[in-house]
Each structure stands twice: as structure tokens, then as C-alpha cells.
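Please read them with the structure open.

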Amino acid sequence: RPIPLTHAVTPRERDELATWLPGQEIQIIPDAIDLEAMDALWAHAGEGMSPQVDEPYLLFLGRLHPVKGIELLISAFAQALAGANSKFRLLIAGPESDPAYAAQLKSLVRLSGVEGQVTFLGPVFGPQEKFSLYRHAWAFCAPSQTEVMGLVNLEAASAEAPVVTTHETGLCGWEDGGGLLVHPRVEELSRALQQVFSWSESERQDRGQKLRQLVERRYSWQAVGPQWLELYAGLAGY
């Protein structure tokens with residue numbers, strides 16, 4: 001007989017599945033990140049690999065696709081700069097998986113008057129290069145329109161980068177851990193970026209450390225692995 005159980009990654013996904021599978025038992029076990037592997041990469045992401053950017057920068061890293069909300073980030077960044085310290089930069093790293101969208105983003109940068117503050121880095125292939133970008137970022141920003149969870153957020157947090165992302169990721173306890181959650185709207189994201197710009201160095205570091213600790217407690221394999229073992233043990237006795 002079939003096992004009456006479905007797996008969900010986040011409470012948000014569970015709630016969506018519940019509408020399609022009424023009465024079905026749904027077990028939440030989040031995606032996990034291998035922190036030992038992340039730490040090994042972080043240890044080798046030395047100062048010599050840091051981006052050639054003198055100013056503090058916000059980082060987006062991922063494929064350039066409409067679902068990632070990068071146009072929202074550019075517009076919110078330009079809006080936040082208008083009433084804040086202009087020393088900040090925005091680095092956008094990732095492959096142009098949708099060339100038309102990538103062209104739209106570059107046009108938006110020009111029209112927003114922030115060409116001097118926004119840089120498109122293109123694809124980042126080496127893991128050490130990627131983690132160097134995380135490590136030196138003032139904050140990581142991923143305003144996804146929809147996302148099961150977004151492992152890139154966990155990667156950035158593992159490098160102690162404060163992370164601004166959306167409620168649509170389904171991440172739990174993110175704000176308690178020092179991160180920021182917004183809905184994918186320009187005005188809301190702009191207010192969050194103004195807050196990011198106002199952080200002192202000590203507050204930024206504190207938020208990054210707290211977010212790393214949250215990942216250790218909730219999203220590391222050390223935390224998630226036992227949940228899978230318990231689930232499998234239960235299924236074996238079903």
C-alpha cells in the first residue's frame with residue numbers, strides 16, 4: 001500500500017501542497033548546505049581574489065532571468081541611492097540565460113542614471129571566486145519573484161554576508177537571524193536597501209554572523225541529516 005506522506009522544503013510549499021493534497025501528511029525538511037565544504041572554499045578565498053572595487057558593494061549572483069527580480073533590484077538600488085550615501089556599488093554576477101532580459105537590465109541601468117554604480121560581472125565559474133564575492137559583499141541581495149528556497153541565500157549566509165531576499169523563498173527565521181525579508185516590490189526593496197546603507201560596519205558583521213549561526217542551526221547537513229534519518233526510519237517501520 002502507498003505511503004501517505006509528501007515532502008515539502010518550506011512551510012510555504014507545505015501550504016501550497018495542502019491545497020492540492022487535502023488530508024495528506026506533509027513532512028517539512030528543508031534543503032541543506034554542506035558547511036564544511038563551504039568553509040573550505042571560504043578559507044581559500046583570499047584577499048588577493050577580492051573584487052577590484054574600492055567602495056562597499058551589494059551583490060546579486062545568479063542567472064539573469066526575470067524570475068530572479070533583478071530589474072526590481074536595479075530600480076530599488078537607484079531609488080535608495082537618491083536619498084542615501086552614493087558610495088555604494090551594485091555588482092551583478094551571472095550568465096545571461098535570457099539575452100533579451102539581460103539587455104533590458106542594462107538599458108534600465110542607463111535610464112536610471114546609475115551606470116557608474118552598477119557593474120555586470122558576467123558568469124562566475126570558480127567556486128573560490130564566487131565565495132570571494134560573497135565574503136567581501138556589504139550585503140547579498142536576491143529579490144526572487146518565486147523560489148523554492150534559494151540555496152544561493154544559504155551560500156552567501158555561510159560566508160557571513162547579510163542577505164536581503166524575499167518572503168517567496170520560504171526561509172524561516174531569516175529576520176531573527178539578521179537577514180531581511182521583503183516582498184518583490186521596488187518600494188519595499190528600496191526601503192530595505194536604505195536600511196542596509198545605514199548599517200555601521202559592526203552591525204553588518206553582527207548580522208552576518210547571526211545569519212551564519214542560523215544556517216548552522218537550521219539549514220546545515222548536521223541539522224537536516226538527522227531529520228531525514230528519522231523520516232526513513234519511520235518509513236521502514238510503516
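1. Angles under 35 degrees count as roughly parallel. The model is a predicted one. In it, the axes of helix H3 (residues 70-82) and helix H4 (residues 99-111) cross at roughly 5°. They come within 10 Å. H3 and H4 are therefore roughly parallel to each other.

2. Which residues make this contact? From H3 come Ile 70, Glu 71, Ile 74 and Ser 75. H4 supplies Tyr 101, Leu 105, Leu 108 and Val 109. Sorted by class, the contact of H3 with H4 has 6 nonpolar residues, 1 polar and 1 charged.

3. Is Ile 70 buried or exposed? Buried means under 20% relative accessible area. Ile 70 has 0% relative accessibility, so it counts as buried.

4. Now the surroundings of Ile 70. Neighbours within four places in sequence are left aside here. Ala 161 is 91 residues from Ile 70 along the chain. The C-alpha atoms of these two residues are separated by 19 Å.

5. Next, the loop between strand E7 (163-166) and strand E8 (180-182). Thr 169 has its place there. Its relative accessible area is 1%, so Thr 169 is buried. What does the side chain of Thr 169 reach at 2.7 Å? It reaches the backbone oxygen of Thr 166. Not counting residues up to four places away in sequence, Thr 169 touches Thr 10, Glu 147, Val 148, Met 149, Asn 153 and Leu 181.

6. With residues up to four places away in sequence not counted, Thr 6 touches Leu 17, Leu 21, Gln 24, Glu 25, Ile 26 and Gln 27.

7. Last, the cysteines. How many disulfides does the structure hold? The number is 0. Cys 141 has a relative accessible area of 0%, so this residue is buried. Cys 172 counts as partly exposed, because its relative accessibility is 25%.

Definitions and conventions: Residues are numbered from 1 along each chain as its sequence is written. This is a predicted model: local features need pLDDT of at least 70, side-chain atom pairs count only at pLDDT 80 or more; totals for chains, interfaces and linings use all residues. Side-chain values use heavy atoms; hydrogens and water are left out. Axes are lines fitted to C-alpha atoms, for helices over the stretch in contact, and angles run from 0 to 180 degrees between N-to-C directions. Helices (H or I, at least four residues) and strands (E, at least two) are DSSP runs, numbered from the N terminus. Angles under 35 degrees count as roughly parallel, over 145 as roughly antiparallel, 65 to 115 as roughly perpendicular and the rest as oblique. Contact means heavy atoms within 4.5 Å. Ala, Val, Leu, Ile, Met, Phe, Trp, Tyr, Cys and Pro count as nonpolar, Asp, Glu, Lys and Arg as charged, and the others, Gly among them, as polar. Buried means under 20% relative accessible area, exposed over 50%, partly exposed in between (1.4 Å probe, protein chains only). A disulfide is a pair of cysteine sulfur atoms within 2.5 Å. A polar contact is a pair of N or O atoms within 3.5 Å; within protein, one must be able to donate a hydrogen and the other to accept it, and residues adjacent in sequence count only if both atoms are side-chain atoms.
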